[in-house]
Amino acid sequence: MKKLIQVTNLSVAYDAQSTAIENVSLTIAEPMIMGIIGPNGAGKSTLLKATLSLLPSKGTVAIAGEEAKKGRKHVAYVEQKSQIDATFPITVRECASLGTYNEVGLFRKVKKKHWQQVDEALVKVGLAEFAKRQISELSGGQFQRVLIARCLVQHAEYIFLDEPFVGIDSVSEKIIMDLLHELKQQGKIILIVHHDLSKVPDYFDHVLLMNKKIVAFGPTAETFTTANLRRAYGEMVMIGGEDV
Ligand code: ADP
Ligand code: MG
């Protein structure tokens with residue numbers, strides 16, 4: 001399987017008056033942890049959804065050499081937290097097992113082998129002892145770790161996370177980030193929408209700066225510059241509490 005995400009001239013308009021993303025083209029052909037950075041409303045979430053063909057869009061997307069609707073089976077996607085129903089009455093273990101449905105098939109019984117993978121994933125995210133708990137009884141950080149466990153059992157080659165660290169504790173954030181680095185070492189391509197600029201150099205080896213259009217894309221050291229940040233955010237941009 002060709003490890004590749006190729007986005008060509010992708011545009012999304014939710015209404016006739018304005019576009020949410022405009023002519024976005026990018027090629028990702030090597031394992032990386034890429035931060036998608038830009039102001040509120042810049043189209044970051046829209047870019048992930050359109051890449052997965054979850055929205056009507058113009059342009060083309062290839063994932064692992066297949067058009068998006070087929071190729072997206074290779075992608076584990078966690079949408080922005082506000083969109084997910086954390087009150088749904090299922091346990092931590094059941095929620096993580098949803099990641100196996102690609103292999104198991106929806107409404108089929110999860111097999112012993114898969115339950116083993118689920119339990120291993122829960123150990124990895126430090127939630128083994130919470131397996132039987134309802135997801136509604138978790139903290140925000142613990143819930144986000146369940147969603148990461150769900151990604152792990154999916155064995156996806158590509159992982160898309162939309163603002164995974166919003167409102168979560170620093171222990172959960174570190175557990176997740178360490179795991180993602182491990183997954184990158186295994187050759188995965190990981191895209192993370194992120195808004196905390198102070199963490200960008202620590203977290204990401206590549207950065208996509210955007211504001212409807214791509215402002216810059218490349219290795220963090222070359223891309224995450226004051227000049228590019230100004231182009232994406234405007235004149236006033238704060239990093240770690242300091243004006244730049
Ligand atoms: P970001 O994730 O960077 O904050 P979004 O991709 O959520 O930005 O949104 C980009 C633009 O599209 C914003 O102006 C937003 O208001 C608009 N938008 C997002 N989702 C919808 C929707 N479902 N219907 C109409 N407009 C939307
Ligand atoms: Mg968003």
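Author: Ala, Val, Leu, Ile, Met, Phe, Trp, Tyr, Cys and Pro count as nonpolar, Asp, Glu, Lys and Arg as charged, and the others, Gly among them, as polar. On that basis the lining of the second largest pocket divides into eight nonpolar, three polar and four charged residues. This is a predicted model, in which totals for linings use all residues. Residues are numbered from 1 along each chain as its sequence is written.

Reader: What makes a space count as a pocket, and which residues line the second largest pocket closest to its centre?

Author: On a 1 Å grid over the protein atoms alone, a pocket is an open set of points where a 1.4 Å probe fits, with protein on both sides within 12 Å along at least five of seven lines; lining residues have an atom within 4 Å of a point. The second largest pocket holds about 260 Å³ of space. Of its 15 lining residues, Lys124, Leu152, Val153, His155 and Leu183 are the closest to the centre.

Reader: Which element gives the largest share of that lining?

Author: Helix H5 does, with four residues. H5 spans 112-124, and helix H7 (170-185) is among the elements that supply at least two.

Reader: How do you know how confident the predictor is?

Author: pLDDT is the predictor's confidence in each residue, from 0 to 100. The protein chain averages 91. Strand S12 (residues 242-243) has the lowest mean, 48, whereas strand S3 (residues 32-37) has the highest, 98. Where pLDDT is low, the predicted coordinates should not be read in detail.

Methods: Chains are lettered from A and ligands numbered from 1 in the order in which they are written. This is a predicted model: local features need pLDDT of at least 70, side-chain atom pairs count only at pLDDT 80 or more; totals for chains, interfaces and linings use all residues. Side-chain values use heavy atoms; hydrogens and water are left out. Grid points are joined across faces, edges and corners, and a volume is the space filled by probe spheres set on the points.
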